[in-house]
Amino acid sequence: MKVIKITPRGYCKGVVRALQIAQNARNQYPTHEIYILGMLVHNTYVSKALQQINIQSVEAKGKTRLELLDQIPLGSVVIFSAHGVSQSVRDKAKALGLIAIDAS
């Protein structure tokens, strides 16, 4: 057996993609409030980095994604986390007039 040493990537490709989507959202909507429905990824360093570019996570124990949408101001941008959301969450975001971006 041959062992090949590799250099760790740090984050999986899905996490890197989700971060790029969030950064692109900030560039595309520089004056909008941007919220992530839940944590984009489960990493406190990533969450802090996103806060530095004024992207906030909306989460609360015991609340569903549908309930969390009610905490996002009208006209804001909402990013669906890398974990995905149901169609009912997508429909409610649209009904609330939010600009929805899917990072799943």
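The structure is a predicted model, in which local features need pLDDT of at least 70 and side-chain atom pairs count only at pLDDT 80 or more, while totals for chains, interfaces and linings use all residues. Residues are numbered from 1 along each chain as its sequence is written, and side-chain values use heavy atoms, with hydrogens and water left out.

The chain contains 4 helices and 4 strands, where helices (H or I, at least four residues) and strands (E, at least two) are DSSP runs numbered from the N terminus. Along the sequence these elements follow the pattern α-β-α-β-α-β-α-β. Taken along the principal axes, the C-alpha atoms fill a box of roughly 55 × 30 × 20 Å. Of the 104 residues, 36% count as buried; here buried means under 20% relative accessible area, exposed means over 50%, and partly exposed lies in between, with a 1.4 Å probe and protein chains only. Among contacts (heavy atoms within 4.5 Å) with a separation of 6 or more, 52% join residues 24 or more positions apart.

The interior comes next. In soluble globular proteins, nonpolar side chains tend to be buried together. A nonpolar core is a set of buried Ala, Val, Leu, Ile, Met, Phe, Trp, Tyr and Cys residues joined through side-chain atoms within 4.5 Å. The largest such core in this chain has 18 residues, of which Leu40, Leu50, Ile79 and Ile101 touch the most other members. Two or more residues each come from helix 1 (13-28), strand 1 (34-37), helix 2 (44-52) and strand 3 (77-80). Helix 1 gives the most to this core, with 6 residues. Apart from this core lies another, of 12 residues, including Leu37, Val58, Ile72 and Leu98. Leu40 shows how parts of the sequence meet: leaving aside residues up to four places away, Leu40 touches Ala18, Leu19, Ala22, Leu50, Ile79, Ser81, Ala82, His83 and Ala103.

After helix 2 comes Asn54, with a positive phi near 60°.

Three serines can now be set side by side. Ser47, in helix 2, counts as buried because its relative accessible area is 14%. Beyond residues up to four places away in sequence, Ser47 touches Met39 and Val41. Ser81 is found in the loop between strand 3 and helix 4 and is buried, at 0% relative accessibility. Not counting residues up to four places away in sequence, Ser81 touches Leu37, Met39, Leu40, Ala103 and Ser104. Ser86 lies in the loop between strand 3 and helix 4 (87-95), but counts as partly exposed because its relative accessibility is 36%. Ser86 and Arg65 are 21 residues apart in sequence, and their C-alpha atoms are 8.8 Å apart in space.
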